[in-house]
Amino acid sequence: MKIVNDYTVIDTETTGLCPSSCKIIEISASRIRNGIITETYTSLVNPGCQLPYYISDLTGITDDMVCNKPCFNEIAEEVKTFIGNDVIVGHNVIFDMRFLNASFGSALPNHTIDTLTAARRLCPGLNSYKLEALCKQFNLSDKQLHRAESDVYLTYCLYEFLKLKLH
């Protein structure tokens, strides 16, 4: 795992698992400088379709919450500007990157660090590598899950913890 002190943690909530047919319904990103959160960007996103029940049940995000929010293309430049050239950190970051790349219509050139992959390498033999399970295992936080901003915070805590395991 590459160690960086300046990066952006990203998480998305989506209408499903397939970036070609599903949409982002929430995005959050925290800019980290010298290992400290300096700024956070969060937005609900109107997917232009009704949310599947299981997604609303999982995330707590409802159709009423997103119906008057901007579509992704309306916030795309804000998101790109916020991320800039930073290394992107995420838990199962490939999932988020696939959705971001599909939503932007082109691939972001940023390097990525996946806390899921890092946790599997640095902490072998755990029962689960889900973000919630790892944070409980390492007593990192008890924040609510399956909302983008809380998942970004948990991923930040996990990445900083994993960095310490490398020293």
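**Pockets, salt bridges and cores**

Visitor: Which element gives the most to the lining of the second largest pocket?

Guide: H4 does, with three residues. Helices (DSSP H or I, at least four residues) and strands (E, at least two) are numbered from the N terminus.

Visitor: Where do the coordinates come from?

Guide: This is a predicted model, where local features need pLDDT of at least 70 and side-chain atom pairs pLDDT 80 or more, while totals for chains, interfaces and linings use all residues. Residues are numbered from 1 along each chain as its sequence is written, and side-chain values use heavy atoms, without hydrogens or water.

Visitor: What counts as a pocket?

Guide: The grid has 1 Å spacing over the protein atoms alone; a cavity is a set of points where a 1.4 Å probe fits but cannot get out, whereas a pocket is an open set with protein on both sides within 12 Å along at least five of seven lines. Lining residues have an atom within 4 Å of a point.

Visitor: What about the largest pocket: what volume?

Guide: About 660 Å³. It is lined by 24 residues, and Glu 13, Leu 58, Phe 95, His 146 and Asp 151 are the closest to its centre. That lining divides into nine nonpolar, eight polar and seven charged residues. Elements supplying at least two residues each include strand S1 (7-14), helix H1 (53-59) and helix H5 (115-122).

Visitor: Switching topic. How many salt bridges in the whole structure?

Guide: Five, a salt bridge being a side-chain nitrogen of Lys or Arg within 4 Å of a carboxyl oxygen of Asp or Glu. One of them joins Glu 26 and Arg 147, N to O 2.8 Å. Glu 26 is in strand S2 (24-33) and Arg 147 in the loop between helices H6 (131-137) and H7 (148-165), 121 residues apart.

Visitor: Is Glu 26 buried or exposed?

Guide: Buried, at 3% relative accessible area. The cut-offs are under 20% for buried, over 50% for exposed, and partly exposed in between, with a 1.4 Å probe and protein chains only.

Visitor: What does Asp 86 pair with?

Guide: Arg 33, at 3.0 Å N to O. Asp 86 lies in the loop between helix H3 (72-83) and strand S4 (88-90) and Arg 33 in S2, so the pair ties together parts 53 residues apart in sequence. Asp 86 is buried at 12%, while Arg 33 is partly exposed at 28%.

Visitor: Last one: which residues touch the most other members in the largest nonpolar core?

Guide: Ile 27, Phe 72 and Leu 100, out of 20 residues. Such a core is a set of buried Ala, Val, Leu, Ile, Met, Phe, Trp, Tyr and Cys residues joined through side-chain atoms within 4.5 Å.

Visitor: What is Phe 72 in contact with?

Guide: Neighbours within four places in sequence aside, Ile 24, Ile 27, Val 45, Leu 100, Ser 103 and Phe 104. Contact means heavy atoms within 4.5 Å.

Terms used:
Grid points are joined across faces, edges and corners, and a volume is the space filled by probe spheres set on the points. Ala, Val, Leu, Ile, Met, Phe, Trp, Tyr, Cys and Pro count as nonpolar, Asp, Glu, Lys and Arg as charged, and the others, Gly among them, as polar.
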